Amino acid sequence: MKALRNLLDKIKPSFQEDGKLHAFRSVFDGFETFMFVPNETAKARGAHIHDAIDSKRIMSFVVIALMPCLLFGMYNVGYQHYLAIGETPEFWASFFYGLLAVLPKIVVSYVVGLGIEFTVAQWKHEEIQEGFLVSGMLIPLIVPINTPLWMIAVATAFAVIFAKEVFGGTGMNIFNVALVTRAFLFFSYPSTMSGDKVWVNQNYMDCINGVTTVDAVSQATPLGQLAAGEPVSASFCDTVTGLIPGSIGETSVIAIALGALLLLCSGVASWKTMLSVFVGGALTAFLFKDKVVDNFEWYEHLTVGGFCFGAVFMATDPVTSPRTSSAKYVYGFLIGVVAIVIRMLNPGYPEGMMLAILLMNVFAPLFDYCVVQANINKRAKRAAVKK
């Protein structure tokens with residue numbers, strides 16, 4: 001690392017204001033601060049709270065926590081593919097198939113999103129903001145495997161520009177950027193984001209080998225079967241392990257739990273928000289237990305679709321969720337309630353987690369305001385009594 005530090009110090013003058021590569025100053029600054037903790041810190045005044053970790057390190061923790069979901073998602077993509085074509089899924093063959101299918105989506109997400117971030121930072125003469133480190137990984141994990149790359153590019157550009165940059169960038173946006181990307185895809189290209197033919201990629205390797213097959217196979221997800229009023233074919237064990245059709249990173253509860261453990265142990269995510277989402281979802285699913293098919297229990301609602309993934313990685317977004325402790329409980333609880341209500345009462349849209357979180361993003365500042373105002377009123381009453 002010392003050699004890298006010396007190299008960066010040597011070439012840094014070229015990226016300064018009068019350097020020949022000053023047009024790429026923001027790119028260099030982003031790379032430098034990602035590799036090394038900056039020497040400059042906020043002044044010790046005002047509302048700043050000093051800590052040993054900066055925003056880039058927090059975002060890096062979240063990306064690391066997403067790795068189990070990513071790796072398992074790659075394997076499951078290949079696993080579902082080989083099942084669909086009638087072959088026995090072998091571990092390494094399934095994983096490498098999924099790697100080749102998922103990797104282009106990750107590349108497109110980061111190239112488009114970071115490209116816009118770099119451009120805006122250079123235009124505004126600011127440092128590159130680190131928020132897209134997480135969003136760029138989340139976006140490929142919450143879309144079906146058959147989503148075309150150009151759609152991901154368009155949706156990512158829309159979300160970064162209209163859900164983030166127009167609000168002022170990282171820390172100023174009121175909506176989760178990754179969820180806005182998914183919402184844009186869902187409402188703009190519904191046939192690509194829902195239905196039984198978007199979850200299993202059949203022709204990816206066949207095209208490479210010069211074999212002509214159909215584009216995709218029909219494979220219903222547990223939520224799709226619920227919406228149709230059909231018995232759910234996947235067992236509870238299947239929904240926990242994640243060997244079922246679904247969005248790339250959302251199927252395995254075990255992989256998501258590993259990520260949640262890292263986020264909670266590191267203190268990056270709020271356990272209050274996370275727990276409240278599950279409590280709200282479980283209670284609502286229990287109240288609606290007579291509305292589901294006979295072989296589907298209320299607790300199974302928490303293991304299918306994007307419920308677990310949304311509760312761990314989306315609802316706990318520190319930018320778009322409340323800051324006060326009491327508000328986090330209310331925020332998370334209502335996300336769980338609304339997600340299950342949408343799922344149960346709207347068969348046309350069985351996956352309600354996305355809309356639930358986006359809706360609560362709108363109310364997060366209000367929840368904080370109410371909590372803060374209540375505390376102010378209590379203190380005012382105590383002060384009046386003492387007088």
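This is a short tour of the structure, stop by stop, for use with a viewer.

**Before you start**

The model is predicted: local features need pLDDT of at least 70, side-chain atom pairs count only at pLDDT 80 or more, and totals for chains, interfaces and linings use all residues. Residues are numbered from 1 along each chain as its sequence is written, and side-chain values use heavy atoms, with hydrogens and water left out.

**The whole chain**

Show the protein chain as a cartoon. It has 16 helices and zero strands. Helices (H or I, at least four residues) and strands (E, at least two) are DSSP runs, numbered from the N terminus. Of the 387 residues in the chain, 49% are buried. Buried means under 20% relative accessible area, exposed over 50%, and partly exposed in between, with a 1.4 Å probe and protein chains only.

Accessible areas come from the Shrake-Rupley method with a 1.4 Å probe; for residues, only the protein chains shown count as cover.

Contacts come next. Contact means heavy atoms within 4.5 Å. Among contacts between residues at least 6 apart in sequence, 70% join residues at least 24 apart.

**Stop 1: serine 94**

Select serine 94, in helix α4. Serine 94 counts as buried because its relative accessibility is 0%. Leave out residues up to four places away in sequence, and serine 94 touches Met74, Tyr75, Gly78, Tyr79, Tyr82 and Pro89. Tyrosine 82 is twelve residues from serine 94 in sequence and 7.3 Å away in space, C-alpha to C-alpha.

**Stop 2: an aromatic pair**

The whole structure holds 21 aromatic pairs. Rings of Phe, Tyr and Trp (its six-membered ring) pair if their centres lie within 6.5 Å; planes under 30 degrees apart count as stacked, over 60 as edge-to-face and the rest as tilted.

Select tyrosine 110 and phenylalanine 132. This pair is edge-to-face, with 6.1 Å centre to centre and 85° between the planes. Tyrosine 110 lies in helix α4 (residues 91–124) and phenylalanine 132 in helix α5 (residues 132–141), so the pair ties together parts that are 22 residues apart in sequence. Both tyrosine 110 and phenylalanine 132 are buried.

**Stop 3: glycine 131**

Step to glycine 131, in the loop between α4 and α5. Glycine 131 is buried, with a relative accessible area of 11%. Not counting residues up to four places away in sequence, glycine 131 touches Met59, Lys164 and Thr170. Now find valine 319. Glycine 131 and valine 319 are 188 residues apart in sequence, yet 9.4 Å apart in space, C-alpha to C-alpha.

**Stop 4**

How many salt bridges does a search of the whole structure find? There are two salt bridges. A salt bridge is a side-chain nitrogen of Lys or Arg within 4 Å of a carboxyl oxygen of Asp or Glu.

Select lysine 164 and glutamate 117. They form a salt bridge, with the closest N and O atoms 2.4 Å apart. The pair links distant parts of the chain, 47 residues apart: lysine 164 is in the loop between α6 (149–162) and α7 (177–188), and glutamate 117 is in helix α4. Lysine 164 is buried at 2%. Glutamate 117 also counts as buried, at 2% relative accessibility.

**Stop 4: glutamate 351**

Go to the loop between α15 (325–345) and α16 (353–386), where glutamate 351 is found. Glutamate 351 counts as buried because its relative accessibility is 12%. Its side chain meets that of arginine 343 in a salt bridge (3.7 Å, N to O). Arginine 343 is buried too.

Look at the backbone next. The side chain of glutamate 351 reaches the backbone nitrogen of glycine 306 at 2.4 Å. A polar atom of the glutamate 351 side chain lies 3.1 Å from the backbone nitrogen of methionine 353. Neighbours within four places aside, glutamate 351 is in contact with Leu223, Gly305, Gly306, Phe307 and Arg343.

**Stop 5: a surface patch**

Select Leu264, Trp271, Leu275, Val279, Leu283, Phe286, Leu287, Tyr329, Val330 and Phe333. They form a nonpolar patch on the surface, with about 900 Å² of accessible area together. Patches are made of residues with over 30% relative accessible area and no salt bridge: like charges are joined within 9 Å, nonpolar side chains (Val, Leu, Ile, Met, Phe, Trp, Tyr) within 5 Å.

α13 (271–287) and α15 are the elements that give two or more residues to the patch. α13 gives the most, with six residues. End on phenylalanine 333, in helix α15. Phenylalanine 333 is partly exposed, with a relative accessible area of 30%.

Terms used:
Polar contact = N/O pair within 3.5 Å; in protein donor to acceptor, adjacent residues only side chain to side chain.
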